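Please consult the sequence and coordinates alongside the text.

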Amino acid sequence: MKKYINKLIIACCAVVVYSCSEDTMDDINKNVNDPTDVSSSLIITEAMTSSAFSVTGSDLAFYSSVYVEHNVGVYNQMYNAEIRSNEPQSSTTYNNSWNSIYQNLLNLKTIIEKCSEGGSEEGNFHTLGIAQTLTAYNLAILTDVMGDVPWTEALQPGVIFTPKLDKQEDIYNEIFTLLDNATTNLAKETTFPLLGKQDFIYGGNAASIAKWIKFANGLKARYTMRLSHKSADYDAVISYANLSFTNASEQCEFNYNGTTTKSPFQQFFLDRDYFGASKSFHDKLVERNDPRDAILFKPYDEDGELLFAPNGSPNQAQGVYAISAISSLTAPTYLLSYHEVEFLKAEAFARKNELDDAKDALKNAIIAACGKDNIGISAEDAEAYYQDEVLPLLTDQAATLKEIMVQKYIAFFEEEAVEAYNDIRRLKAMGNDFIKIDNPLKFPLRFTYGSEDVTTNENVRNAYGDGTYVYTENVWWAGGTR
Amino acid sequence: MKKIALLLAIFAIGLQAVLAQTKEITGTVTSADDGMSIPGVSVSVKGTTLGTITDLDGKYFLKVPQDAKTLVFSFVGMQTQEAAISGTTINVVMESDVVGINEVVVTAMGIRRDAKALGYAVQDVDSEELMKTGSPDLAKALQGKVAGIDIKVSSGMPGASSQIIIRGSRSFTGNNTPLYVIDGMPIASTASYNTGDGVTGADISNRALDINPNDIESINVLKGQAAAALYGLRASNGVVIITTKSGKGGAKGVPVVTINQTTSFEKVSRTPDYQTTWSQGYSGAYSSGTSMSWGAKITELPNDPTYGGNGNGHEGMYKVPQLEKAGLDPWVKPQVYNNWDDYYQTGVTSTSSANVSQADDNGNFSLGLGYTDQTGIALNTGMERWNAKATAERKLNNNFSVGFNANYAKTVIDKLTGANDGSLAGVLSAPSSYNLKGIPYHVPGDPYTQIYYRSLTFDNPYWIEKNNTFNEETNRFFGNGYVEYNATFTEDMNLTVKYQLGVDSYTTHFQDIFGYGSKGKTGEINNYGVTDMTYNSLLTANYDWKINNDFQLNVILGNELDHNRQKTYDQYGQEFNFGGWNHINNANTVTSSEEQYQNRTVGFFSSLSLSWKDMLFFNATGRNDIASSMPRDNRSFFYPSVSLGFIASELNFLKELDWLNFAKVRGSYAEVGQAGTYYENFFSKPNYGGGFWTGEPVAYPVDGVNTYIPNNILYDPALKPQNTKSYEVGVNLKMFKNRFGIDYTYSRQNVEDQIFQVPLAGSTGAASLMMNGGKVHTNSHEVMLYLTPISTKDFTWDLSVNYSKIDNVVDELAPGVESIFLGGFVTPQVRAGIGDTYPVIYGTQYKKNEKGQILVNENPGDADYGMPMAGDPGVLGSVSPDFILGGSSTFTYKNISLSAVFEWKNGGHMYSGSNGLLDLYGMSERTEDRESTFIYQGYKADGTPNDIVRGGETDPQAVQTLYSDVLSNIDEYYIFGNSFIKLRELSLKYFLPKNTIPKVDVSVSAFARNILLWTELPNFDPESSQGNNNIAGGFERFTLPQATSFGFGVEVKF
């Protein structure tokens, strides 16, 4: 009897010890729900989606839209932005975008590391090139609206907790380096397969690589133009633009299917309903007898009144003012549109006083802008508008330049609001107050840093201060210091 | 307690042989409390071993020696009494022992100990105290009854989540609620899903809800870490030990049947004060589609240029476009509606339960059934719960006994949503001019197109009733079986070995459905749920040795293995094709996910107790836990505790004090932990919820394509458990024949190495790192007072008071982290911040001068001229109360008892979104006067009081600007103190005189619950807030309100 008891005790002890051995515990704690590694092609899809939806298309665009008077904020946060109460200077306002951009930059960094020398996909030049292009794009949006931002010390979670800020000028150098590397890499031969359906923007077929190169060149044109106040190089703008899109089918746009992907402006209307149609924007269209005036707006209720919201002093009221008629669940987000490339060319020519070329580019731009899917004005009608209404305004260099910029501003309604905001600030810096802003309140010169850094990163906190710098300090390319 | 005491008395005394020597004495022992006879009282001749116990009718018969002088009557829970022997009949009335010196309590791991032997604070609540008002929710039934704990209930919605927090919080973002142990088996008590930010969706119930309070015999709360230390990694938050009703201690051989039923009616506990002058609209003009009530005077509506009927054939009337939309005559006479009162209904709660039990010499069983049916005060809310339980034990022979305990519960809850999904937003703030209940909520012939007074950011509450569904259903089984071996080696040595295997398994299915037409869109559905299974293996060996007359030793050795498996699923469907079929198969975009988790903790523990002369009690415990959820080679942790109790009243010079009956001082020290979650860093699917989005605007897979990105939560491979070191000292005193008792405890907890997702700077590209960081300390003072000011044969007055003052302060967070977001919005939010009590509300403050005075805008051109301005964000208030004082008072007169439980919570703040929004919408009574001039109570930059006059005839929009545009953008304006005094329970119970119905005991009662007597918070009951997690009690926005209950109950026992 006793020996059985002893054996039983020994067996029990063995079971107990085994039940909590490190190997058993490792097995129990294994994460069966998520992978610990994936290939770059499975990451880059989200880098594209996020660049379009979260970075370009959403919060930054919504607030820009209010500041540039594409829309009027009539409720809650957008109303506060409209009346410049709290939102423009609060670090929480753009926090979601701030995080999205950095998360996206980390995703892209992961891809770049994989596809670079020593990485698990060394030699995957095309994916590398696309990732570099998108990195430049995300970084530019970030610094354009926020100025000096963390970059060289950023994107090392758990290693560097408080990244320091880099100067905007240095970041711009980085952007051009990234784009140069991107075009080089995209031009290389690679044995890695094409992205195929993982490429939401260009479809990942053989022809897609050439389009990515055009996109990268278009960005070079955009960012070269951006620095015009600091170091103008209009010839470079034109030559980069010439290497970019030649028609709208090549433009870098992100399309939404309306079901699993939904266009941000329309979704914002459905979820929040914070915008009313802008009086000052409408006035600009009326001034030009612009055919888009009849297309861009609709009354809130089908049979209601088409009431435009006064800029800076709307009533905080939903369901009253007219709303955008071109927001739809499938309206694309433009990372870089063909019409923007033509506008860049037009401006560069105009600044060089080569007005014929400027007018050609402007005409192309207007036709393309009027032909956007959700506007749908035929090329003939658009050209007629150009001939009848726009051309007569192009009396001299100054008038041409001004009209180009106003037309670009109109064309940017409403998906390209961030770029409109960048243009307005650059133009002001260059002494070209072309776009009339009716809101009498202070104009925010920049966006605040994200609160997640303001609260945890003293470098950013010091730069943020109390947030009032947004009204007093331009970013570097607009003549400021940071 | 008395039943247990009886059992012990039987064991202790046995039926001792009485030597035949002359005199026979008989008598009856009754209780002074209720005049009822007491069975099982030990009757002995003083100075001898002669004795007996009373029978079922409280009668005894004893032969005593001729020279015997005195009889001693003793019974657990009663004051021991002596009676001089004179004559042959001695009837004794025993007084109850107010504080229960000799009470036996169930401590950690099911170990029973004399209360007096404990070196730490525990407090028990028995069934009668618990069930005075038949509350179906255990947490609510405990409110006001235990010192040192804060019970947070989220709302008056049936099945609403509630949390018990003992001596403050230890974890920033994790669980702070105690371990629940039922009949020796730890069970799940927390919610299976955290409500997260608490700004969308509905509340999620916590699993303590599955417990039927009617099944409970007694609850013992182990408050301190020393008391709980044997539970190791799960001990840090204290333990709620529940003993359910069994057949134990019942009359032998006779089945006992208990049936009870309570029914109560609930009313919304408070109606906000509304303005009743002004119509829907803004800027003084009527507008029919706005959420605002800043319109014209309601009486002036017929004169409105657009909608007024005066002058166009509809004299005295105005046009309501919503009526037109409904196909009805749009011309109505202006009228004032109270849409709040119109909406809320009378809720009904009915609980019924039946219990049969029986005991004989070799065992006992008990079988219980319970059914609870609740209809909430808000439409479409309710709860149904079915409980069944069986428990039995049997003695097999002298050494072996076996037993089991099985519980089944089914809980179904219908809920409503709050905050950004506020189902009741319209109920709260519909314009006084709008007849929310009377105007149809959908267009004729199309039930999915809503008619509402405002934009469909929120749905019409009446439409919600028919179209939105927020439902959860839990099916649960828990129970255990055991075999026990008992060997008595010698008279003074006893060994008990017990093996118990238990299981706790539940499945909860949730459905969150915004029906087709919700928010003017095509709806969405979220089906999700969890299957959770825990098995628990527990082996204990208990060795008792009475070393000599002075020393007693008790040693316990044990092993516990706790293994949990969880599988969750989530199906999310967007866009229904058509209305009326709110099913995932009708959704056009469907995404789904599934997750599986496992978790195992293996513990080895030991306890050693040594007592000396009933005066000194020493206890030491140690437990080593090995937890799977921690990183490899960092899984094993040891937790010790020591405690000492010293019964000073055993000292001779104190024994002589007449007025002092009992005095004990005690002290303890313990270290316990709380494990975290560790995973190797991984990739995950992107998620597009949150921010401005109510749904997920991007949902992968997109057109058959998936994508994965580095997960934005990272894990520190050096993770270790958070550690709580605590010490506690206390004193118990019982005086004046035990009619006055006081129990005071001071404890201090130092909690280090909190595990939480340390927020990373966004510029790192990740959101957070799961790591250790932080320090929290808690000082807690608890006082329990017992008093019986009056005690006569027919009339007794008992008073008890529970006081807790708990200071819970965050000393440190991880390096570089100043605060941790717990819930709410970007601002305001509930957070943990260094140097603040835990938690605090953070948000935009008023702009103030250095004296803290509110500054006003002095720029005459601005709309907010003379009004306050928004300043920097900062801490706006702390959520935790300064103290909580609970008290109960019971008057017993013959068969009638009247008792009341009060609770006074003093201090603490909350963000009352609903209060602020009432002002923003122009619906609060505060906004009634819009015509007088006013000077905002603030200061100018030069330090002088504000003298800028706004409002009046020339400045008609000023009041609207102030409330709607200015104050509504300053979070500080929404912060309110939420001190309150509540009459938690008031009950009147009448026991029918014995034998009114032969052999049947009947009692009837009438009661009321949750009567708000006073509160600092305007307009609402302060016990209504968002979240089932650590933001509870601090953040309110369109939360479902609280209810007051009135009801009656009947209990029949035979």
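In the loop between β45 (819-824) and β46 (829-833) of chain B lies B:P828. The peptide bond that joins B:T827 to B:P828 is cis, with omega about -5°. The model is predicted, and these angles are to be read accordingly. A cis peptide bond also joins A:F413 and A:E414, again with omega about -5°. A:E414 is placed in the loop between α18 (397-411) and α19 (417-429) of chain A.

Phi is a further point of backbone geometry. Most residues other than glycine have a negative phi, and most peptide bonds are trans. A:N353 has a positive phi, near 60°, and B:D183 has a positive phi near 50°. A:N353 is found in the loop between α15 (338-351) and α16 (355-370) of chain A, while B:D183 is found in the loop between β13 (179-182) and β14 (185-187) of chain B. Are these residues buried or exposed? A:N353 is exposed, because 11 other C-beta atoms lie within 10 Å and the limit for an exposed residue is 12 or fewer. B:D183 counts as buried, because 26 C-beta neighbours lie inside 10 Å and the threshold for a buried residue is 20 or more.

| Site | Angle |
|---|---|
| A:F413 and A:E414 | omega about -5° |
| B:T827 and B:P828 | omega about -5° |
| A:N353 | phi near 60° |
| B:D183 | phi near 50° |

The nonpolar cores come next. The largest nonpolar core comprises 316 residues, and A:V74, A:A131 and B:V239 are those with the most contacts inside it. Helix α7 (residues 125-146) of chain A supplies the largest share of this core, 13 residues. A second, separate core of 17 residues has among its members B:V43, B:I53, B:V64 and B:V92. Leaving aside residues up to four places away in sequence, B:V239 touches B:A108, B:P178, B:L179, B:V181, B:L222, B:A228 and B:Y231.

The contact between the chains takes 73 residues from chain B and 75 residues from chain A. Elements of chain B that give two or more residues to the side touching chain A include β31 (551-576), β32 (587-612) and α11 (958-966). The largest share of that side, eight residues, comes from β32(B). By class, the side of chain B that touches chain A has 29 nonpolar, 32 polar and twelve charged residues.

Chain A contains 22 helices and eight strands. Its radius of gyration is 26 Å, close to the 23 Å that the globule rule gives for 482 residues, so chain A is as compact as a globular protein of that length. The C-alpha trace of chain A spans about 110 × 55 × 45 Å along its principal axes. Of the 482 residues in chain A, 58% are buried. Among contacts in chain A with a separation of 6 or more, 75% are between residues 24 or more positions apart.

For chain B, the domain assignment gives domain 1 (2-94) and a domain 2 made of several segments, including 178-249 and 978-1053. The C-alpha centres of domain 1 and domain 2 of chain B lie 40 Å apart. An unreviewed UniProt entry lists residues 445-838 of chain B as "domain: TonB-dependent receptor-like beta-barrel". Residues 445-838 of chain B are 3% helix and 64% strand, and the end C-alpha atoms of the span lie 53 Å apart.

Definitions and conventions: Residues numbered from 1 in each chain as written. Chains lettered and ligands numbered in written order. Predicted model: local features only at pLDDT ≥ 70, side-chain atom pairs only at ≥ 80, totals over all residues. Domains from an automatic or database assignment. Core = buried A, V, L, I, M, F, W, Y, C linked by C-beta atoms within 7 Å. Helix = DSSP H or I, 4+ residues; strand = E, 2+ residues; numbered from the N terminus. Contact = placed C-beta atoms within 7 Å. Nonpolar A, V, L, I, M, F, W, Y, C, P; charged D, E, K, R; others polar. UniProt positions renumbered as here; feature names shortened; annotations may be inferred. Rg over C-alpha atoms; globule rule 2.2 N^0.38 Å.
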